[in-house]
Structure formats: structure tokens, C-alpha cells
Amino acid sequence: MNYTEIQLTISPDFTDILMAELANLGFESFVETDEGLNAYILEPDFDEAAIQSIVDKYAGQTAIAYQINSLEKKNWNEEWERNYQPIEVQGRIRVRASFHEPDTGFQYDIVINPKMSFGTGHHETTAMMLEHQLSVDAAGKTVLDVGSGTGILAVLAALQGAGRVVAFDIEEWAVENARENAELNGCSSIEVFQGTIHDVNPDERFDIVLANINRNVLLADIPAYVRLIKPGGTLLVSGFYEQDAPDIEEKGSAEGLTKTGQLSRNKWVSLRFDQHTDGPAGTSV
């Protein structure tokens, strides 16, 4: 059976939003491009009117255009495998798909089959989060992965020896994908649920919180993250541009966090915050 490919030209700020909208229409897989996003769906399930409705919905907020192509299923699979090449982070992490051969030369060999979820490590924000995680001692620690997508950050935390890893995402398909990837990496102990930060048990406390989302969500939810961080804990964030970093840093500082690290790549930024033992983490607000 053939696949229909939609090539969307959109701003990077809207990639995740359009991915979620298309997933709700039944699109099965996505590939981020320099121009925006390619999405794939079985030909009989394709509804151009539904696509146009989404385009009309966001046309007033960003420049958006699309092109429709038909692909044979075999050709699509080959193209996906050809374009999904393993990535390396700091010579210590290798992220690959299940069809790639393992490489024992890396400390962490992570298998991620992304399906519909964002977070293969290829995007700058994910790669920087992985790099930041290498600088954090997760052994025996409790870790919360916010908006986990494929579960890649949670998987690395588990492979680092975290004592407990909890991950969640608002999308059902992302939760399923994170669970599948956890199994692929022998990390079935990772707890994955569907929901938001407000569905996390307020009595829980974590040593490390990971949040690769976007500027607006971070600015709104950093106070909630801080309430869940143990004194002396660490918050790693990404998903925003260089011009937004001061706002994120200001919000973290207002919540008693200290910025202790920053990575920048192609105008994207990832920040590390640490909580002082006498900070407000764990107190009620």
C-alpha cells in the first residue's frame, strides 16, 4: 500500500505543533527538514481537506505551505532508513535506530525508533540535553522527564544508573513510543504516563528534572518543576532560541535556581540550573 507524503514549509517554532495536529489525523511518521516537516500517512487515510483546515488554522500566525507526494511503502521505508543516520554526542553517546548495527566503542548505545515522536537526538535541543546529562551524576538518583517524546532522555538517565525514572507526555502516541524505546534499551523500569506536569504526584521529589519543550511552557511551568526538585537538585531545559535564554534564566533565578551551564547550537540553547540546599525546592507555594 502506498504512502502519502506531505512536505510542510513552516517556522521551526511550529514544528511540534503541526506534528501533533497531523498525528491526530493519523499521520504515522515525521521527518524534520531544513524547511520544516515531512509527514507520512497511508494513502487511503489521507484527507486533503483536513490538511487545508490545519493550514488555515495557523496561516495567520506563521508562513505555511505544503506539497503532496505519493510514495510506495517500500520506497518510504528505504528513504527513512537512509536519512536516519546514527548521531554521536561527545564521543560517549551513540543514538541509532534498531536497523543500525551496535557500536561497542560508545559508553551509551541508545536505540530509538521514533515513529511519530520528536526526539531522535538529531535536533539540536535533544543533542544538547543529552550532552548536559553527561555532566550530571544520575547514579541512584530520581529523574523526571517532562514531555518525554521518544523517551530518549529518560533512557539515557536509566542507562546512567538512575534509581528511578518517571516520564510523561501529553500525547498518547508519544507515551506508547517512549515505552517501546525503553524496552528496546532494556530500561523497562522507566515509568511512563500520559499527562502534564500537574499530573505528577505533588508529594514526589526528584533529584533531576529534564524538560525539552518550548519557551512558553517552560516559563509557565518552571515553578512547578522547582516544587518537585529536591534541595541540591538539577534542572536541565531546552527547546528555545538564544534570544529567549535571558527570560528562561530570569524565571529560574526567581524560583531560587542558579544557572550553572549553557550550551548553544545553531541559535538553539540548553541551560542547566542547580538548586541550592537552602532554596525553596520542596516547599509549598
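The model described here is predicted. The helix runs over residues 215-228, 14 residues in all. From its first C-alpha to its last, α7 reaches 20 Å, close to the 20 Å expected at 1.5 Å a residue.

The start of the helix is worth a look as well. Asn 214 caps the N-terminal end of α7, placing a side-chain oxygen 3.1 Å from the backbone nitrogen of Asn 216.

Asn 212 lies in strand β11. With a relative accessible area of 11%, Asn 212 counts as buried because the cut-off for burial is under 20%. The side chain of Asn 212 makes a polar contact of 3.5 Å with the side chain of Thr 126. A polar atom of the Asn 212 side chain also lies 3.4 Å from the backbone nitrogen of Gly 239.

In strand β14 sits Gln 275. Its relative accessible area is 4%, so Gln 275 is likewise classed as buried. Although 45 residues separate Gln 275 from Lys 230 along the chain, their C-alpha atoms are 7.9 Å apart.

Turning to the whole chain, the protein has 8 helices and 14 strands. Contacts across the sequence are well represented: among those between residues at least 6 apart, 66% join residues at least 24 apart. Of the 285 residues, 53% count as buried.

The overall dimensions can be described in two ways. Along the principal axes, the C-alpha atoms fill a box of roughly 60 × 45 × 35 Å. The radius of gyration is 19 Å, and a compact globule of 285 residues would have a value near 19 Å, so the chain agrees with that expectation. The accessible surface comes to about 12800 Å², and carbon and sulfur atoms account for 45% of this area.

Key: Residues are numbered from 1 along each chain as its sequence is written. This is a predicted model: local features need pLDDT of at least 70, side-chain atom pairs count only at pLDDT 80 or more; totals for chains, interfaces and linings use all residues. Side-chain values use heavy atoms; hydrogens and water are left out. Helices (H or I, at least four residues) and strands (E, at least two) are DSSP runs, numbered from the N terminus. The expected span of a helix is 1.5 Å times one less than its number of residues. A polar contact is a pair of N or O atoms within 3.5 Å; within protein, one must be able to donate a hydrogen and the other to accept it, and residues adjacent in sequence count only if both atoms are side-chain atoms. Buried means under 20% relative accessible area, exposed over 50%, partly exposed in between (1.4 Å probe, protein chains only). The radius of gyration is taken over C-alpha atoms; the globule rule is 2.2 Å times the number of residues to the power 0.38. Contact means heavy atoms within 4.5 Å. Accessible areas come from the Shrake-Rupley method with a 1.4 Å probe; for residues, only the protein chains shown count as cover.
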